[in-house]
Amino acid sequence: MRCARALALLSSRPLPLPLPRGGRCPQRCRMLRYTSTFGLIIFSVALLILSFISFVSIKKDVNPRYGPNGGPRMYMFHAGFRSQVAMKYLDPAFTSLSSAINEDLKNSSKWKYNSTAFIQLRTEISHHIDIPHNFTLTRDSVKVGQLMHFDYSSHKYVYSIGENFRSLLPEVSPILNRRYNVCAVVGNSGILTGSLCGAQIEKYDFVFRCNFAPTEIFKKDVGRRTNMTTFNPSILEKYYNNLLTVQDRNNFFLSLKKLDGAILWIPAFFFYTSATVTRTLVDFFVEHRGQLKVQLAWPGNIMQYINNYWKTKQLSPKRLSTGILMYTLASSMCDQIHLYGFWPFGWDPNTGKELPYHYYDRKGTKFTTKWQESHQLPAEFKLLHKMHTEGLLKLTLSHCA
């Protein structure tokens, strides 16, 4: 009886429809899939159209509307596209940083130096590298015939130390046992254009500059005082034609003459491509020995140690910028460090106007992003701004007068 009831119950239920041959989805399932794919395509096309409309509006935005803080609304977004960093750095974290920058511009006088935190930072750096003793090679630290490798090149490339090169090395590091109260590290950003910061920079106890940057005709904005400047050997090729003519040699000599007794820090062992130019430099300095007061410093292979320190701060680009390298060196010599010309974007946060990459670039020169091949300048800036808020350094972005 029970079996009969069970059979009757089963026979009353509809049997499930069999799947088509091959186990494929019914036509309704396939239509749903096609609809989803089509919707995704439509969404992507809409995004492209919106991006194009935004780009056109940027091009037409000749006279942007300015916000309450002096900078144009959304100008950071627009300039971000032009400098090709928007996709990576205009995330919520970086957008909030722009608000902090506006506050800094309005309240720059409220910055406070944190001596305890700075001493701790100096100690952390010293655990990675003894800067005063590794600031330059000395005559006693190398021998004639010694082979030097290059920090950013294959280990197969070498430079043989010659007698002339060794004779140009100092007997002791020029910064050994040197200590200064307040120092300025002057970068080369276009933000210095029209800043009128020259008189302020002149008052510091020690002034670091980057890459032999010109100062004379820009002194109102950047000052003239130079106690130390870096000199990448490639500068000789770019600006002095490898000293191939008498005029080139005279121009270089006069530029060096203006440095007076400043330190010329020449990183000859970063790239193997600098080897030939370094030999030209050595010959020039030997030829003019005693005619120039400039102090020569030739660092050895120090970058791996400096890089290791900044990796602890989650900064590990292909190559650190000269500016942050100068800050690292300054930390061993100075009790307080103020930065000028550290701004890696193509717009002025004070006015919203477009900027050149360097303050000394010719008028009309467009902002370049070639640095992206080697540097992470926006990431460096974010870190430096964080250090500014912590009182480890003072980052000057506003005009000085």
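Is arginine 319 buried, partly exposed or exposed, and what is its relative accessibility? In this predicted model, arginine 319 has a relative accessibility of 23% and therefore counts as partly exposed, since buried means under 20%.

**Arginine 319 and its setting**
- Arginine 319 lies in the loop that runs between helix H14 (303–311) and helix H15 (322–330).
- Although 56 residues separate arginine 319 from histidine 375 in sequence, their C-alpha atoms are 5.5 Å apart in space.

**Salt bridges**
- Side chains of opposite charge can pair when their charged atoms come close.
- The structure holds eight salt bridges, and one of them pairs arginine 179 with aspartate 335, with 3.6 Å between the closest N and O atoms.
- That pair links distant parts of the chain, with arginine 179 in the loop between H8 and strand S3 (180–186) and aspartate 335 in strand S8 (residues 334–340), 156 residues apart.
- Both partners count as partly exposed, arginine 179 with a relative accessible area of 48% and aspartate 335 at 27% relative accessibility.
- Aspartate 260 forms a salt bridge with lysine 293, in which the closest N and O atoms are 3.9 Å apart.
- Here too distant parts of the chain are linked, because aspartate 260 sits in the loop between H12 and S6 while lysine 293 sits in the loop between H13 and S7, 33 residues apart.
- Aspartate 260 is partly exposed at 42% relative accessibility, whereas lysine 293, with a relative accessible area of 63%, is exposed.
- Salt bridges with shared partners join Arg122, Arg179 and Asp335 into one network.
- Glutamate 216 forms a salt bridge with arginine 224, the closest N and O atoms being 3.3 Å apart; glutamate 216 is partly exposed at 33% relative accessibility, and arginine 224 is partly exposed at 45%.

**Helix H13**
- Helix H13 (residues 275–287) has 13 residues, which at 1.5 Å a residue should span 18 Å, and this agrees with the 19 Å between its end C-alpha atoms.
- Its buried residues are Ala275, Val277, Thr278, Leu281, Val282, Phe284 and Phe285.
- The buried residues of H13 pack against strand S2 (159–160), helix H8 (163–168), helix H11 (234–240), helix H12 (246–257), strand S6 (263–265) and strand S7 (295–297).

**Nonpolar surface patch**
- Leu40, Phe43 and Leu47 make a nonpolar surface patch of about 320 Å².
- Leucine 47 belongs to helix H2 (residues 27–60) and counts as partly exposed, at 44% relative accessibility.

Technical notes: Residues numbered from 1 in each chain as written. Predicted model: local features only at pLDDT ≥ 70, side-chain atom pairs only at ≥ 80, totals over all residues. Heavy atoms only, no water. Patch = residues over 30% accessible without salt bridge, like charges linked within 9 Å, V, L, I, M, F, W, Y side chains within 5 Å. Areas by Shrake-Rupley, 256 points an atom, 1.4 Å probe, with all protein chains shown as cover. Salt bridge = Lys/Arg side-chain N within 4 Å of Asp/Glu carboxyl O. Helix = DSSP H or I, 4+ residues; strand = E, 2+ residues; numbered from the N terminus. Buried < 20%, exposed > 50% of the residue type's maximum accessible area, 1.4 Å probe, protein only. Expected span 1.5 Å × (residues − 1). Contact = heavy atoms within 4.5 Å.
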